[in-house]
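Please look over the model before reading on.

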Amino acid sequence: MISDRSLKVAVLGCGSVGSQVVRLLREQADDLAARVGVPVELAGVAVRRLDAPREVDLPADLLTTDARGLVTRDDIDLVVEVIGGIEPARGLILAALEGGASVVTANKALLAEDGPTLFEAADKAGRDLYYEAAVAGAIPILRPLQESLAGDRVTRVMGIVNGTTNYILDKMDSQGAGFAEALAEAQELGYAEADPTADVEGFDAAAKAAILASLAFHTRVTASDVHREGITEVTAGDVASARDMGCVVKLLAITELIGGDVSARVHPVMIPRDHPLASVRGAYNAVFVETESAGQLMFYGQGAGGAPTASAVLGDLVTAARNLVAGSKGAGESAYAARAVLPMGETITRYHIAVDVADRAGVLAAVATAFAEHGVSIQTMRQEGRDDDAQLVLVSHEATDAQLSATVEHLQGLDIVRGVTSVMRVEGEHE
Ligand SMILES: NC(=O)c1ccc[n+]([C@@H]2O[C@H](COP(=O)([O-])OP(=O)(O)OC[C@H]3O[C@@H](n4cnc5c(N)ncnc54)[C@H](OP(=O)(O)O)[C@@H]3O)[C@@H](O)[C@H]2O)c1
C-alpha cells in the first residue's frame, strides 16, 4: 500500500527541465506530501555524464548513468522522463510502465511521433501517462482540453507554441529587422539554439500541433500528418505589408474541424492586430481555443524554460501520485472519433498576395481573371506605386488552399506579372 509509505520518484535527465524538477521536488517536499497524502521521495536521477556541472546540488548516490536499471527498480512508483528525443526515451518509458510505474514526460517529439504506443502501454499497465509540459511549457492547455472542455465541442485551436519564432517575428515587426538579423539577436540572447532548424522550420510547432489536434478532436494525429512551413521565407516586406493591412505576422499551429475531418498545420499567417494572439510578444506562448458552447478561450504564459516547464511536470506528478495513492488511474487516450486528416490542398484558407506588375491597361482585368478562373473571389485589391514600381496587393476570400496556390501559379505565368513577391495565409477573421 502506497498510503503507508513514501512514493518513490525516478527522474530521467537532469538538464534545463530535469534540474528544476529535482529542485522543486526537494524544496517543496512538505507541500507535495500534504497535497499527495504521502511523502514524495526522489529515489534516483539518471544522466548521461556523472561529472557534468548541474544547476542543482544532488547527493552523488542519487545520480546514475543506468537509466534502465533505475526505471525497472522494484521500488519506483513514478518516472519523470525529461531526456527528450525518441530513443532511449521511448524504451525507458515503456519499461517504466511495464514495471508498474506511472510516467510524466515533457517529450513532445516522442508523443507526436509515437504517442499511441505509449498510451496503449499505459492502458495495459493500468498506469497514468501525463505530458502537460510537452505543449506550451508552463501553460495549462492539455488538461483543460482533456478535462475542463470534455463536455464541450472544440472547433478550432490556434497556438503560438514556439517562443523562438515568436521572438524573431516580434523583432521583425517592432524593429523592421530582417529574418537573419532577428535570428542572430535571438541566438545572442539565448532564445534560439545554435542550430535553429527545429524551431524556425516549424518542426517543434508541428509536434505540438499533432498533440493538440489529437486531444481537441479525439483522434490520432502524428507530426507527419501536420502540414509544416517555417518562417525562414518571411521577409521584412511581408511584415510591412501585414502592418499596412492592420495585421501582424505570427507562426501559428492551427488545428480545426472541416466537415468532420481534421486540418492540422503550421505556417506563418497574418492576423489582425486586435486578435488576442497578436498581442503575444517576445518568446511568450499562447493557445486560442474556440468551442461550440464556451466560445473563445485564451491560454497565455511562458512556453519554455527550466522552472516554468518543471511547474507543468510537477502538476502532472501530483495528479499521477494522487491516483497511485487512491489506487486509481486518470482517463487514458480518447481517440474514439478516428477522424481523417485533410490534405493541405483541401484546407480552407485566405491568402494575402503581393504581385509586381507592369503598370499598363488590362493588368487589373488579367489578375482578376486569374482569380476567377480558379474560383477564388477577391476581398480587397489595392495598387501601390506606378510604372516599374507598380505592385498589386490582394486579399482573397476563403477558398481551398489548392485553389489559392493554383491562382498564385497562374499569376506567376502571366507576362504582365514581374513576380509574386509575397504570399501569406490570413487567419483570425471568420467569414
Ligand atoms: N527546455 C525547455 O524549455 C523545455 C520546454 C518544454 C519541454 N521540454 C522538453 O523537456 C525534455 C528535456 O529538455 P531539456 O531542455 O531539459 O534537455 P537538456 O537540457 O538537454 O537535458 C537533457 C538531460 O538528459 C540527459 N540524458 C541525455 N541522454 C541520456 C541518456 N541516454 N540516459 C540518461 N540521461 C540522458 C542529459 O544528461 P547530461 O546532463 O549528463 O548530459 C541531460 O541531463 C525534452 O523532451 C524537451 O523537449 C523542454
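Glutamate 147 is partly exposed, because its relative accessibility of 47% falls between the 20% and 50% cut-offs. The model is predicted. Glutamate 147 pairs with arginine 143 in a salt bridge, with N and O 3.9 Å apart, and the structure holds 27 salt bridges.

**Salt bridges within a helix**

- Arginine 143 and glutamate 147 both belong to helix α6 (residues 142-148), where they sit four residues apart, about one turn of the helix.
- A salt bridge also joins aspartate 204 to lysine 208, and their closest N and O atoms are 2.7 Å apart.
- Aspartate 204 and lysine 208 are separated by about one helical turn, because they are four residues apart in helix α10 (residues 203-217).
- Aspartate 204 counts as buried because its relative accessible area is 12%, under the 20% limit.
- Lysine 208 is buried as well, with a relative accessible area of 5%.

- Arginine 281 and aspartate 170 form a salt bridge in which the closest N and O atoms are 2.7 Å apart.
- This pair links distant parts of the chain, 111 residues apart: arginine 281 lies in the loop between β10 (261-272) and β11 (284-291), and aspartate 170 lies in helix α7 (residues 163-175).
- Arginine 281 has a relative accessible area of 45% and is therefore partly exposed, whereas aspartate 170, at 10% relative accessibility, counts as buried.

**Salt-bridge network**

- A network of salt bridges links Arg156, Glu256, Arg265, Glu290 and Glu427.

**Nonpolar surface patch**

- On the surface, Tyr284, Met298 and Tyr300 form a nonpolar patch whose accessible area is about 280 Å² together.
- Methionine 298 is part of strand β12 (residues 295-302).
- With a relative accessibility of 32%, methionine 298 counts as partly exposed.

**Ligand surroundings**

- There are 21 residues around the ligand, and Cys14, Val17, Arg49, Arg54 and Gly305 come nearest.
- The shell around the ligand is made up of 10 nonpolar, seven polar and four charged residues.
- A polar backbone atom of glycine 15 is 3.1 Å from an oxygen atom of the ligand.
- A polar backbone atom of valine 17 is 2.9 Å from an oxygen atom of the ligand.
- In arginine 48, an N or O atom of the side chain is 2.9 Å from a ligand oxygen atom.
- The ligand taken alone exposes 900 Å², and the protein buries 78% of that.

Technical notes
Residues numbered from 1 in each chain as written. Predicted model: local features only at pLDDT ≥ 70, side-chain atom pairs only at ≥ 80, totals over all residues. Heavy atoms only, no water. Near = heavy atom within 4 Å. Polar contact = N/O pair within 3.5 Å; in protein donor to acceptor, adjacent residues only side chain to side chain. Areas by Shrake-Rupley, 256 points an atom, 1.4 Å probe, with all protein chains shown as cover. Nonpolar A, V, L, I, M, F, W, Y, C, P; charged D, E, K, R; others polar. Patch = residues over 30% accessible without salt bridge, like charges linked within 9 Å, V, L, I, M, F, W, Y side chains within 5 Å. Salt bridge = Lys/Arg side-chain N within 4 Å of Asp/Glu carboxyl O. Helix = DSSP H or I, 4+ residues; strand = E, 2+ residues; numbered from the N terminus. Buried < 20%, exposed > 50% of the residue type's maximum accessible area, 1.4 Å probe, protein only.
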